[in-house]
Amino acid sequence: MHQMKAIEAARKAREHLLWLPGVIGIGHGWKRTGGRKTDSYGVVVYVREKRPLAAIPRGERVPTRVGGVATDVIAHGTPVALYFRDIG
């Protein structure tokens with residue numbers, strides 16, 4: 001049941017979170033701490049790079065919770081298309 005709450009929270013927060021500078025994707029999954037999976041399922045926010053909290057203006061920070069569900073920020077880098085197929 002907690003997983004469904006995280007999925008719904010990710011769906012509802014998606015548009016808002018994608019407007020934050022550096023955010024490149026939104027998902028849901030098991031929260032990780034120190035590279036290890038925890039027992040907490042939440043909203044996953046993918047960013048180009050992690051920065052110190054003090055370096056991010058308050059209005060541009062990923063919230064610690066959305067829809068009552070914890071967020072997990074994961075550095076992903078800049079997405080690169082590996083393959084492009086013209087379907088036109």
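User: What is D72 in contact with, leaving aside its neighbours within four places in sequence?
Analyst: With those neighbours left aside, D72 is in contact (heavy atoms within 4.5 Å) with W30, K31, R32, V43, V44 and V45. Please keep in mind that this is a predicted model, in which local features need pLDDT of at least 70, side-chain atom pairs count only at pLDDT 80 or more, and totals for chains, interfaces and linings use all residues. Residues are numbered from 1 along each chain as its sequence is written, and side-chain values use heavy atoms, with hydrogens and water left out.

User: Is D72 buried or exposed?
Analyst: D72 has a relative accessible area of 7%, so it counts as buried (under 20%, with exposed over 50% and partly exposed in between, using a 1.4 Å probe and protein chains only).

User: And where in the fold is D72 found?
Analyst: It is found in strand β4, residues 69–75, where strands (E, at least two residues) and helices (H or I, at least four) are DSSP runs numbered from the N terminus. A polar atom of the D72 side chain lies 2.9 Å from the backbone nitrogen of R32.

User: Switching to α1, which of its residues are buried?
Analyst: The buried residues of α1 are A6, A9, A10, A13 and L17, and they pack against β1 (23–33), β2, β3 and β4.

User: What about I56, where does that lie?
Analyst: I56 lies in the loop between β2 (36–47) and β3 (65–66), and its relative accessibility is 14%, so it counts as buried. Leaving aside neighbours within four places in sequence, I56 is in contact with R51 and R61.

Definitions and conventions
A polar contact is a pair of N or O atoms within 3.5 Å; within protein, one must be able to donate a hydrogen and the other to accept it, and residues adjacent in sequence count only if both atoms are side-chain atoms.
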